Amino acid sequence: MNVMQRVAFAIAAGAGLAALAASAQQAPAPASSGVEQYREMLGEDNPAELWEARGEELWKQKRGPKNASLEQCDLGLGPGVVKGAYAVLPKYFADSGKVEDLESRLVTCMVTLQGFTPQEAKKNPFASPGKKVPMDALVAYVAAQSRGMKVNVSLDDPHARDAYEVGRKIFFYRAGPHDFGCVTCHGADNERIRLQELPNLTRPEGAERAYTTWPGYRVSQGEVRSMQWRLNDCFRQARFPQLEFVSPASIALELYLAYNANGGVMNAPSVKR
Amino acid sequence: MKNTKIAAAAGVALIAAGCAVTTMKTQGASDAEVSKVLHESFEARGQATLDRLDQDEVQRTCSEAQGKPLAKDAAQRLQQAQLATIKYPADGQLMGDWKRGEKIAQSGIGKQYSDDPKAVAGGNCYACHQLTRHEIAYGTIGPSLLGFGRRRGFTPDMEKYVYGKVYNADAFLACTNMPRFGHMGILTEQQIKDVVALLMDPKSPVNQ
């Protein structure tokens with residue numbers, strides 16, 4: 001079988017995963033054990049490769065009112081440098097005057113290089129059932145070019161330092177009808193919601209394990225999900241209003257998590273439950 | 001201001017000790033700054049309106065503590081104030097139906113913008129607690145409650161404690177992770193009674 005066929009086979013095998021988990025009622029097992037089996041079936045392959053390939057095409061494709069590609073986009077290491085860029089984001093960009101993560105930076109480049117309006121560039125940031133979006137593919141492509149590299153975000157710039165401090169406070173910010181905040185589920189070691197294991201994001205080991213594996217291919221959804229999606233859905237479950245795509249709070253929080261994960265080795269897109 | 005002074009003092013101490021002073025900004029972000037960023041970053045959707053970003057006294061105090069326990073006197077003050085919020089049933093009846101209580105413990109529906117606002121909310125107890133032998137998909141953020149009534153005693157005082165704990169958990173443990181189900185209007189009085197029965201009825205699977 002070629003790579004695509006093996007990936008397709010593994011996706012089909014993954015469909016049996018829910019049934020497998022449902023029948024495994026004999027003993028408490030963490031949700032991760034089923035995903036481990038699925039990873040074994042995949043071997044070296046990862047369904048996210050399909051998104052990575054599509055993302056590379058989109059990166060090079062001339063699009064938008066200016067009919068330009070993203071190949072000259074500066075992701076933080078200079079125009080056109082994709083390799084290693086994800087590992088140093090979020091960071092402060094003087095040209096936009098903002099601390100930006102990958103998704104935000106892609107929006108910026110779609111506006112400046114391709115001529116989309118900010119509204120157009122931010123539209124449909126996440127896939128919905130049956131509807132793939134360019135953003136997921138671009139995120140998968142760029143993140144994959146940092147695979148094996150160490151997370152290395154810097155707080156040397158005062159804007160980044162300020163954003164980190166805001167992100168740290170948001171992590172501990174409890175509100176809403178349930179008094180929830182990030183810290184409710186991610187502030188202690190070895191805890192679970194139902195059978196789902198929860199990383200302690202206040203400690204380097206937990207932050208590294210989580211941060212270095214997003215974006216990820218979500219087996220249960222058949223989609224590659226970005227870090228922006230991950231935070232958006234966490235806040236939904238925490239009963240907050242909707243976190244806006246590439247909002248300052250989302251990027252500040254990512255910077256807090258990324259800084260805590262500094263030194264961890266990027267392995268994204270990973271395969272998630 | 002107070003934090004800045006402490007931070008400055010700590011900085012002086014570091015220099016005095018001959019340690020390298022890092023480039024980290026020590027005073028952190030102000031509450032006003034954080035509130036501004038949050039209001040710029042979230043949008044109202046469905047039942048999740050923007051007022052949910054604003055904190056009450058408990059939420060503010062517990063956020064500042066950053067996951068660490070409060071000082072003893074601050075914790076006692078907070079618990080006393082929360083104790084005063086608990087409204088016990090007028091009919092004095094605290095025990096409902098454990099079968100309905102089990103359904104409430106299983107259901108995670110409620111208060112998310114993706115939830116139907118008209119749907120009956122659950123307590124989602126199993127998300128964080130072990131309760132019965134038959135449900136193995138339980139979380140561990142809260143303690144195991146398996147055999148709760150049997151272990152604690154099937155007494156009226158214990159029923160009252162459980163009702164109060166579910167109604168407003170902060171009245172008994174300041175800055176607990178557990179939501180204030182009655183005080184915040186997540187569960188109704190009848191639903192809390194049903195959860196009390198799940199924990200306190202000798203026939204409930206919790207006590208088998």
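Two residues are in contact here if their C-beta atoms, placed from the backbone, lie within 7 Å. The model is predicted, and local features need pLDDT of at least 70, side-chain atom pairs count only at pLDDT 80 or more, and totals for chains, interfaces and linings use all residues. Residues are numbered from 1 along each chain as its sequence is written, while chains are lettered from A and ligands numbered from 1 in the order in which they are written.

A:I170 belongs to the largest nonpolar core, a set of 78 residues. Such a core consists of buried Ala, Val, Leu, Ile, Met, Phe, Trp, Tyr and Cys residues joined through C-beta atoms within 7 Å, where buried denotes 20 or more other C-beta atoms within 10 Å of a residue's own. A:A140, A:V142, A:A252 and A:L255 are, with A:I170, the residues that have the most contacts inside this core. Another core, of 30 residues, lies apart from it and includes A:I193, B:V162, B:L187 and B:V195.

The two chains meet through 41 residues of chain A and 43 residues of chain B. On the side of chain A, two or more residues each come from α8, α9, β3, α11, β7 and α12; helices (H or I, at least four residues) and strands (E, at least two) are DSSP runs, numbered from the N terminus. Helix α8(A) gives the largest share, six residues. By class, this side has 18 nonpolar, ten polar and 13 charged residues, with Ala, Val, Leu, Ile, Met, Phe, Trp, Tyr, Cys and Pro counted as nonpolar, Asp, Glu, Lys and Arg as charged, and the others, Gly among them, as polar.

Within chain A, the axes of helix α5 (residues 102-112) and helix α7 (residues 134-144) come within 10 Å and cross at roughly 115 degrees. Axes are lines fitted to C-alpha atoms, for helices over the stretch in contact, with angles from 0 to 180 degrees between N-to-C directions. The two helices are therefore roughly perpendicular, a term that covers 65 to 115 degrees. Their contact joins A:L102, A:E103 and A:L106 of α5(A) to A:M135, A:L138, A:V139, A:V142 and A:A143 of α7(A). Seven of these residues are nonpolar, none is polar and one is charged.

Chain B contains eight helices and one strand, in the order α-α-β-α-α-α-α-α-α along the sequence. Of its 208 residues, 36% count as buried.

Notes: Buried ≥ 20, exposed ≤ 12 C-beta atoms within 10 Å, placed from the backbone. Parallel < 35°, antiparallel > 145°, perpendicular 65-115°, else oblique.
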